[in-house]
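I opened my notebook for a quick look through this one. Here is what I looked up, in the order I went.

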Amino acid sequence: MNRITQCLHGRGTVSSVMHHRHRPQGEVPSGLLAFTGMFRPVVFWNITDRCNLSCTHCYNASGPASSTEGELTTAEAMAVIDDLAATGVPLILFTGGEPLLREDLFDLARHAREKGLKMALSTNGTLITPEMAARIRDAGIEYAGISLDGATAVTHDRFRNRNGAFEATLAAFSACHEAGLRCGVRVTLTRENFPELEELIDLSIRIGASRFCLYWLVPAGRGSDAYDRLQLGKKEVEEALSLLYRKAQETSPSVMEFLTVDAPQDCIHLLASMECDRSPDLNDAQELLASLKGGCSAGTRVANIDAQGNVWPCQFARSREFLVGSVRNRPFSTLWAEEENPSLALFRKKEMQFSGRCGTCRHRRICGGGCRVRAHAAGGDFSAEDPFCFVTGDESRAV
């Protein structure tokens with residue numbers, strides 16, 4: 001995760017990180033969780049595969065026809081929550097599918113709240129009415145990340161394969177604000193919506209989004225089928241990062257925070273831009289990024305539990321060889337603590353010898369070799385170079 005705003009406007013953040021570094025995770029502000037250095041992960045939990053939409057790029061291949069067979073029962077899910085609370089995970093992010101389609105979502109959320117867990121929701125937004133927003137808030141869920149993949153109905157509805165999805169999603173933001181529920185935009189940037197990026201940022205500010213979280217396409221689920229057709233190239237990626245940097249400079253952190261996900265190498269562009277601008281926050285940004293100790297959070301600060309209870313290093317690492325285990329066989333806490341687990345060992349080995357450009361790149365200490373899921377998907381080699389990295393080695397000496 002590349003926290004652009006926190007690095008650009010981060011005076012005081014380093015001291016805050018150090019102050020909270022060894023405190024219980026329940027006492028760590030959510031904005032500092034990424035920098036705590038703890039291996040108790042944020043858990044992305046696909047509580048159902050069902051969805052009322054069938055999005056082109058869905059990493060979980062969810063849709064209206066997805067089966068509920070084999071999904072964790074309410075009792076099983078409650079037991080998982082008990083274990084996650086005992087483990088001390090900092091946050092559960094309920095996702096899907098569309099998590100609002102799971103009938104016991106609010107029972108699970110209330111149980112998690114009683115156990116002292118922080119919660120967020122990842123949703124397409126189309127089911128969030130004013131009444132639903134109030135239920136989300138009252139269940140103890142503090143934040144809703146709402147997918148918005150275009151600045152126009154034509155683009156967003158095409159992505160979501162549903163006419164009217166755009167207007168329903170905009171209405172969700174209004175409903176969340178009415179309920180006092182913090183919400184933000186999640187967008188997967190591709191060739192189809194890249195031309196609307198600046199317009200989408202401006203729209204996000206107008207509808208009151210507190211975060212603008214940009215995801216890059218990952219070859220997982222239906223994203224694999226659409227990957228070659230939709231993935232951006234070097235020129236578009238650099239233009240997008242430059243635009244996000246400029247918008248983050250212009251936008252007060254109290255209005256909206258900017259960040260990117262699924263490409264740890266984005267921080268190299270950020271630091272180079274800050275050095276070019278002689279940013280007074282450069283030293284703090286370098287220290288914050290160094291505290292992450294090698295980019296990607298999969299298998300360390302991030303974990304995924306799917307609807308059937310399988311545990312993965314992250315929500316995109318779903319190849320069978322990446323399976324950590326199942327909460328139906330052993331508790332999550334036990335699985336996550338296994339240092340010899342073959343899947344976790346792969347993702348946690350920060351000193352792995354990479355091949356290709358990643359093997360000789362001087363930036364690997366900070367980006368950790370980019371996204372290993374993309375590297376593996378490109379040719380079956382976990383240690384190969386990340387094909388989505390466009391770093392040339394000519395960037396500024398700040399990194």
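Before counting anything, I settled my terms: helices are DSSP runs of H or I with at least four residues, strands are DSSP runs of E with at least two, and both are numbered from the N terminus. I also noted that this is a predicted model.

**Entry: overall build.** With those terms I found 17 helices and 11 strands in the protein. Next I looked up the box filled by the C-alpha atoms along the principal axes, and it came to roughly 55 × 50 × 45 Å.

**Entry: a helix pair.** How do α6 and α7 pack? I read an angle of about 100° between helix α6 (residues 153-160) and helix α7 (residues 165-179), with the axes 8 Å apart. Since 65 to 115 degrees counts as roughly perpendicular, α6 is therefore roughly perpendicular to α7. On the α6 side I listed A153, H156, D157 and R160 as making the contact, and on the α7 side A165, F166 and T169. Sorting the residues of this contact gave me three nonpolar, two polar and two charged.

**Entry: a pocket.** I turned to the second largest pocket, which holds about 210 Å³ of space. Which residues lie nearest its centre? I noted E238, L241, H269, F390 and V391, out of 15 lining residues. Both α10 (234-250) and α11 (266-276) supply at least two residues of that lining. By class, I wrote down eight nonpolar, three polar and four charged residues for the lining.

Conventions:
Residues numbered from 1 in each chain as written. Predicted model: local features only at pLDDT ≥ 70, side-chain atom pairs only at ≥ 80, totals over all residues. Heavy atoms only, no water. Axes fitted to C-alpha atoms, helices over the stretch in contact; angles between N-to-C directions. Parallel < 35°, antiparallel > 145°, perpendicular 65-115°, else oblique. Contact = heavy atoms within 4.5 Å. Nonpolar A, V, L, I, M, F, W, Y, C, P; charged D, E, K, R; others polar. 1 Å grid on protein atoms, 1.4 Å probe; cavity = no way out; pocket = protein on both sides within 12 Å on 5 of 7 lines; lining within 4 Å. Points joined across faces, edges and corners; volume = space filled by probe spheres on them.
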